[in-house]
Amino acid sequence: MSADYKLAQPVNFKKLLKYAPSIKETFDKEYTADDYKIITDGTNFLHVYLNKRGQIDSCTRYCGNDEEAIFDKIYEETDGTPLEGMWNACYAG
């Protein structure tokens with residue numbers, strides 16, 4: 001089972017990794033496209049999709065991964081940074 005999310009506004013991928021230090025980029029050998037990345041909090045995984053500016057504009061949770069745990073970490077760690085309030089993922093289906 002999967003869940004798709006659309007961000008209310010795009011978030012720069014590199015800045016997200018900078019300001020949310022517990023969120024890391026990981027890799028899938030089968031998928032190495034520039035517009036597709038996988039992030040993890042060490043336990044859960046979230047597939048993020050980038051626009052041409054390197055900004056996340058949507059994401060997908062697959063299988064039993066807990067996207068809310070990743071969203072919560074991002075909210076906590078970006079509080080008081082230039083990304084504060086920018087991460088607002090809306091359930092799309």
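These legends walk through close-up views of one predicted protein model.

Residues are numbered from 1 along each chain as its sequence is written, and side-chain values use heavy atoms, with hydrogens and water left out. Because the model is predicted, local features need a pLDDT of at least 70 and side-chain atom pairs count only at pLDDT 80 or more, while totals for chains, interfaces and linings use all residues.

**Figure 1. The whole chain, before we zoom in.**
The chain has 2 helices and 6 strands. Helices here are DSSP runs of H or I with at least four residues, strands are runs of E with at least two, and both are numbered from the N terminus. Follow the sequence and you get the pattern β-α-β-β-β-β-α-β. The radius of gyration is 12 Å, close to the 12 Å that the globule rule gives for 93 residues, so the chain is as compact as a globular protein of that length. (That radius is taken over C-alpha atoms, and the rule is 2.2 Å times the number of residues to the power 0.38.) Along its principal axes, the C-alpha trace spans about 35 × 25 × 25 Å. Buried residues make up 35% of the 93 residues; buried means under 20% relative accessible area, exposed means over 50%, and partly exposed is in between, using a 1.4 Å probe and protein chains only. Now for contacts, meaning heavy atoms within 4.5 Å. Among those between residues at least 6 apart in sequence, 56% join residues at least 24 apart.

**Figure 2. Inside the largest nonpolar core.**
A nonpolar core is a set of buried Ala, Val, Leu, Ile, Met, Phe, Trp, Tyr and Cys residues joined through side-chain atoms within 4.5 Å. The largest one here has 20 residues, and Leu16, Ile39, Leu46, Ile56 and Trp87 touch the most other members. Strand 1 (2-12), helix 1 (13-19), strand 4 (45-50), strand 5 and helix 2 (67-78) each give two or more residues to this core. Strand 1 provides the largest share, with 4 residues. Zoom in on Leu16 and, leaving out residues up to four places away in sequence, you'll find it touching Val11, Ile39, Ile56, Ile74, Leu83 and Trp87.

Two strands pair if DSSP finds at least two bridges between them. Strand 3 and strand 4 run antiparallel and are joined by 5 bridges. In this pairing, Ile39 stands opposite Leu46 in strand 4. The hairpin has 4 residues between the strands, and Gly42 takes a positive phi near 100 degrees. Strand 4 also pairs with strand 5 in the antiparallel sense, over 4 bridges. Look for His47 standing opposite Thr60 in strand 5. This second hairpin has 4 residues between the strands too, and here Gly54 has a positive phi near 80 degrees.

Arg61 sits in strand 5 (residues 55-62). Is Arg61 buried or exposed? Arg61 counts as buried because its relative accessibility is 11%. Its side chain meets the side chain of Glu67 in a salt bridge (2.8 Å, N to O), a term for a side-chain nitrogen of Lys or Arg within 4 Å of a carboxyl oxygen of Asp or Glu. Glu67 is buried as well, with a relative accessible area of 8%. The Arg61 side chain also reaches the backbone oxygen of Cys63 at 3.0 Å. Setting aside residues up to four places away in sequence, Arg61 touches Met1, Ser2, Ala3, Leu46 and Glu67.

**Figure 3. Lys37 meets Glu25.**
How many salt bridges does the rule find? The count comes to 2. One of them joins the side chains of Lys37 and Glu25 (3.7 Å, N to O). This pair links distant parts of the chain, with Lys37 in strand 3 (residues 36-40) and Glu25 in strand 2 (residues 24-26), 12 residues apart. Glu25 counts as partly exposed, at 28% relative accessibility.

**Figure 4. Asp35 in its loop.**
Asp35 lies in the loop between strand 2 and strand 3. With a relative accessible area of 44%, Asp35 is partly exposed. Not counting residues up to four places away in sequence, Asp35 touches Val48, Tyr49 and Leu50. Asp35 and Arg53 are 18 residues apart in sequence, and 9.6 Å separates them in space, C-alpha to C-alpha.

Conventions: A polar contact is a pair of N or O atoms within 3.5 Å; within protein, one must be able to donate a hydrogen and the other to accept it, and residues adjacent in sequence count only if both atoms are side-chain atoms.
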